[in-house]
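Hi everyone, thanks for coming. I'd like to walk you through one structure today, so please have a look at it on the screen.

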Amino acid sequence: DYILEHFDQKTRRNESYSVQDRRLNGFNSIFATQSIEAAKRYYQAFKVAQQDVPEADRLKIATIFSYAPNEEEPDGLLAEEGFETGELDKSSRDFLESAILDYNGMFGVSYDTGSDGFENYYKDLTKRLKLRELDLVIVVNMFLTGFDATTLNTLWVDKNLRQHGLLQAFSRTNRILNRVKTYGNVVCFRDLEAQTTEAISLFGNKEAGGIVLLKPFSDYFQEYEELVGKLLVRFSPGVIPTGETEQRDFINLYNSILRLTNILGSFDEFEEVTILSSAQQQDFQSTYLELRNVLQPRIDGDKESILDDIVFELELVKQVEINVDYILMLVKSLQDKAGDQDADKEIRVAIDRAVDSSFSLRSKKDLIQKFVADISLDTNIESHWTKFISEQRQMELEQIIEDESLDTARAHVLMDQAFKTGELRLEGTAVSRMLPAVNMFAPDSEYSTQKQRVFEKLAAFFERFQLLG
């Protein structure tokens, strides 16, 4: 129950980040259990708990285990576990076979508990875990040593661990990925504090705990309160600071708040507290993004400035994005408050504020404003939005095709695939195959210039309509 309730928070499932040109939502996790019997019971419990959840909202869960002669190590060290399934008792092997059938149905593959089938299952599961195609894998000892995945950020533990076994297991979460993932989460359902202190002291030094472990929630929250207090005293929400010194101080202060918020987001206690209102948060973030738009060209230029060393924490901004569903909810409230001029004005301000505070929606503001102007009292917001975005996307792609004389069919296939997979692949001959036939008398530079221009136009087009439905 705890895992299902807190999964989105711990793995940041509602936040997004980029990995190798792929946009992913949240991280994934491993659940370490004490025994094969425990793994079986947990797998079945998750299956029952999610049976009434819509398929699109269910956690994608898998399990893997094999025979180990000393499965339950009494001292909490990790036993060796290979690919031997033949030694499993009939109940465990039948259960594993059933779990693999679930996996086969989830991904359209075909594996089993035979020697070759199981090893291939292991390899495929490894790949999908690294690609963030799985949310949670229930294990006994597998994947707790030697396995690394940058998208893995949480380890759930209902297992005795100590010494190097504990550090090996905990370290599965610590492959630093980006500004969002600067540490891993370990959620223990057993009291392993003494074992953790012992392991850190044994393999580091007596003071290493202060380096290896995060500080208590209260320490971070006190610093967060102080920084937000400074922000509210010195700067007004939605007001752009004037002068380079004021702008630099605002950016550095907001950067510090973003980094602390990123850490605090892993603590359960942080869900219960609010210092900045939603409106204040959006206004300050809008100011931050506006400063980035204004200052980035200057920072990238040659002119010396006290802002030269400024860094914008865009990955941390992106993870707290306003989504389209929230905007559509506000638009729906315009219909509900029709005739109330004060409410209408307030809601329209809220829409603009939300869009301005979103890194991804700012570039789509004209589309959203056009949509809002297009609705009436009897408009079905959701279906009209889908139709509106589809028509706008079609119209703007056709304009690019016409302007650049592209192959219509190939351009549509490429972009349809991109929106389906969430990834625009422009490498290889993807662009050149769409370009018009080359005039043998035209300079090579003209072809190269057009190819680069088309590349940029399609990338901008994809970015503009991605995540809009």
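**Salt bridges and a sheet**

Let's start with a pair of side chains: Asp366 and Arg464 form a salt bridge, with 2.8 Å from N to O. Keep in mind that this is a predicted model. Asp366 sits in helix α14 (residues 365–374) and Arg464 in helix α17 (residues 444–465), so this pair ties together parts that lie 98 residues apart in sequence.

Now, is Arg464 buried or exposed? Arg464 counts as buried, because its relative accessibility is 16% and the cut-off for buried is under 20%. Asp366, on the other hand, is partly exposed at 41%.

Arg464 also meets Glu396 in a salt bridge, at 3.0 Å from N to O. Glu396 belongs to helix α15 (residues 381–404), so here the parts being tied to helix α17 are 68 residues apart in sequence. Glu396 is partly exposed, with a relative accessible area of 22%.

How many salt bridges does the structure hold? There are 23. Elsewhere, Asp124, Lys127, Arg128 and Glu133 are joined in a salt-bridge network.

On to the sheet. Five strands make an open, parallel sheet, ordered β4-β5-β3-β6-β7. β4 (61–64) and β7 (185–188) are at the edges with a single partner strand each, so one side of each has no neighbour in the sheet. Inside it, β3 (residues 28–33) pairs with β6 (residues 152–158) over 6 bridges, and Ala32 has Val157 as its bridge partner in β6.

Finally, the helices: α1 (residues 2–11) lies across β3, β5, β6 and β7, while α4 (residues 115–130) lies across β3, β4 and β5.

Note on methods: Residues are numbered from 1 along each chain as its sequence is written. This is a predicted model: local features need pLDDT of at least 70, side-chain atom pairs count only at pLDDT 80 or more; totals for chains, interfaces and linings use all residues. Side-chain values use heavy atoms; hydrogens and water are left out. Two strands pair if DSSP finds at least two bridges between them. Helices (H or I, at least four residues) and strands (E, at least two) are DSSP runs, numbered from the N terminus. Contact means heavy atoms within 4.5 Å. Axes are lines fitted to C-alpha atoms, for helices over the stretch in contact, and angles run from 0 to 180 degrees between N-to-C directions. A salt bridge is a side-chain nitrogen of Lys or Arg within 4 Å of a carboxyl oxygen of Asp or Glu. Buried means under 20% relative accessible area, exposed over 50%, partly exposed in between (1.4 Å probe, protein chains only).
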